[in-house]
Amino acid sequence: MLFNSYIFILIFIPLCLLGYFILNSFKQYLPAQCFLLGMSLWFYGYFNYKYLAIIIISIFANYGLYYYIGKFKNTQKAKIFMILGVVFNLAILGFFKYTDFFIDTVNHVFKSNIPLLHILLPLGISFFTFQQISFIIDTYKGEVDKYNFIHYASFVAFFPQLIAGPIVTHDELIGQFRDESKKKIDFDNLTRGIFMFTIGLSKKVLIADVFGSIVSYGYVAPERLTTISAWIVILSYTFQIYFDFSGYCDMAIGLAKMFNIDIPLNFNSPYKSVTITEFWDRWHMTLTRFFTRYVYIPLGGNRKGKVRTYINVFIVFLLSGFWHGAGWTFILWGVMHGIFVIVTRMIKDIIGEKELPKAVKIIGSAFSWIITFIFVNLSWVFFRAESISNALFVLKKAFTFNVGSAGLQVDPIIHGAFKTPEFAEFLALTDLDAIFPNILTWGFLIVSFVIVAFLPNSKKLMDKFKPNALTLIFTIFLFVWSFLSISGVSTFLYFNF
Amino acid sequence: MKKSKAFLIIFIAAVLIIVSLPAALVVYVDPYFHYHKPLEGKNYILRDQRYLNDGIVKNFDYDAMITGSSMTECFRPSVMDSLWGTTGIKVPFSGGSFLEVGDLTRTACEANPGLKMVIRGIDCNRFFNKKDERDYDADSYPTYLYDNNILNDTKYVFSKNAIVEAALILIQRGEASHYSSFDTYSNWSGDFRFGKDEVLKSYSREAVIPAESQLPLTDEEKHIMYENITANVTDIADEYPNVEFYLYYTPYSIYYIDYYKRLGELDKQIEAEKYITSLLLEHENIHVYSFYMQHELIEDLDNYKDLAHHGQNASDQILNWIKDGTGELTEDNYEAYYDELRDYYFSFDYDSVF
């Protein structure tokens, strides 16, 4: 089930919290942990019960490998089991995620006609596979304690981080599962968690979903876009993916907090980044961490000279692109980021750490931020598009500066999509639309921009959170508004006959 | 800790109360007719077809209905009522497939034992759809309104769209400030211009390079049609023998026929229609109509806003034709009709209408 669903909010979460803390209050720590695990599996199986088999097999297999690596510690056998583990996890991921892409590529290259298998991609498989790979490697390195099976399975399946990250490491989670001081209901954490969940939910349903309808409209038939509409569609996706993904992670952090569990931050206001390297320190941070630890450093990191460093960076981004999706668009997106990161590093290597006057620094940073933000925007086009030609088409529309009256027109359907019912009625009551035409389109874009560029991120808000009348009213208001926005009327945009 | 406890209790209580109020409003007003027919004396907002139609056929009082794709949107049930003496409704699905329209028809027959007649447009451009073809994916489809599972009604009663609509209906403001009838429901006739210039905007003839020969109808296509028509049309007629079904092929403009001919698909299209007619005529309570020989309709582009869509006047005309038997196909006449049709459209001087 999704966090932004009624069954999750009205049934799953209350049930899960009550069951977990009641069992714990009788010091039934293991049954409580089993209960949490069972609920997590229900959460996962609710999407599609067939997924359950995959995750359960994966958990058992990895736990078995963990056992044998431990048993044959410091021998050649341990290494074999470690490699087996990595290959096993990558094979599962490869089979479910990349088989069709592979067949399609073979068909293209060899002009063959092998039918696609249309394998259903189990949700979250990219995340739980990586978590287990890191676990297997850490076990081999001797960095893993003795864990019982239930704790291990809970680490993989713990529902807040199961389907969209963050990519948590075993030591971050299992230690907390074993900590008995975390087994008692903590109202401070509970309210913090509710606050954080509410922020995340609102990012998802009040902002990301609205942009989402504009984005799908734009990418389905880009030939309809004017210059300015194309830019609105591109920016909309930049906001959609951030608010969607970071909103989901905020909800995850909030949910885990309700169980007295801290999970790591995944987004640290990435659009504030001045350089692309900074962007990757702030965007999907746990993925960057994974690639740094398990790919970049083993490849030699920056210890083998500049050229090798650049190559290593490039490999990481190529893999990251491929991890994000089985398609050439994702690979190209990864390559673009890889190249841009390398260029940025080269420039840094050339300039070095010179002391510059403050004014120059500020102007330089501003300039650098603009370039980074534009680059990120354009690279998202490839990430989102159905195909590379689709992406190029959207970009062509954006860069064909048709500034005649037609070029500056925004498609009324785009303006219309920002008119969620509450805003539409507000406009009808106030006549604001007559004074500022299309105020909602510009309003959504400007407000989103202000949020990503200037406001503190939600984790900071959560840490500073104090229960008082103001935060109470704010949380109730935002929660109710979001709750009533979970299911909207989908506009059936693509009229045919 | 104490403050947090108070926060939590007030939060839960406040949220439960605040979200219950609009939910109660939605159940009471029921803007999508999921629970009951409209409240007396209130104007409802007839707009979102996929949210409304199921509720309409389940809960309204009617004994006749018009349904189909957007080709049926400009029909006026009041005209049907004056011709047949019925109490009619119109429930169109823009972009609706045979499956979608068929499901709705089945629901109507099941929910309303008083239903006497169904007028349904059969879309010629959907002949070769698979029987389970649907244009919209299940995720964006409000399936929760189509079942009787009360648990998933949360998606309805807590939806701000439904809440805002319910409020507008209750205070009769905005779109609910004026009366909207089935005649005007989804009727776009007044919103578009009609005529040759408009139709040409949806058809660039030169872009379609004329085919050298006409494609034949294959057995595989026949099989697909058989399955589609059986599951979504004739089975329903067999299940409800007391309902009379008036099915007509949606009449597109002469430009559409030109388009099919240039594509090399006109022959196939005619064969397909003939085959479907043969399937339909096997059922006593199905009456079949084709208006492709009503030249005053097909060849007068003033009836059309684009290649396919005709407006209200033509829709009124179609109802009159159905009533007086114009264009009706029977076991005795249908083969001759399609021979005549083929001769006519293969010898037609298409250049003369451009």
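Tutor: Residues are numbered from 1 along each chain as its sequence is written, and chains are lettered from A, with ligands numbered from 1, in the order in which they are written. Because the model is predicted, local features need pLDDT of at least 70 and side-chain atom pairs count only at pLDDT 80 or more, while totals for chains, interfaces and linings use all residues.

Student: What makes A:Asn260 buried?

Tutor: A:Asn260 has 21 other C-beta atoms within 10 Å, and the limit for a buried residue is 20 or more, so A:Asn260 is buried.

Student: Where are A:Lys27 and A:Asn260 found?

Tutor: A:Lys27 is in the loop between helix 1 (6-25) and helix 2 (29-45) of chain A. A:Asn260 belongs to the loop between helix 10 (227-258) and helix 11 (276-282) of chain A. Helices here are DSSP runs (H or I, at least four residues), numbered from the N terminus.

Student: What is the phi of A:Lys27, and what is that of A:Asn260?

Tutor: Phi is near 60 degrees for A:Lys27, a positive value in a residue other than glycine. For A:Asn260, also a residue other than glycine, phi is positive and near 65 degrees. Most residues other than glycine have a negative phi.

Student: How many residues of chain B are in contact with chain A?

Tutor: Two residues are in contact if their C-beta atoms, placed from the backbone, lie within 7 Å. On that basis, 36 residues of chain B are in contact with 28 residues of chain A. Helix 1 of chain B gives the most to the side of chain B that touches chain A, with 12 residues.

Student: What are the domains of chain A?

Tutor: Chain A is divided into domain 1 (6-185) and domain 2 (195-497), with bounds that come from an automatic or database domain assignment. Their C-alpha centres lie 28 Å apart. The contact takes 23 residues from domain 1 of chain A and 22 residues from domain 2 of chain A. Helix 5 of chain A provides the largest share of the side of domain 1 that touches domain 2, 5 residues.

Technical notes
Helix = DSSP H or I, 4+ residues; strand = E, 2+ residues; numbered from the N terminus. Buried ≥ 20, exposed ≤ 12 C-beta atoms within 10 Å, placed from the backbone.
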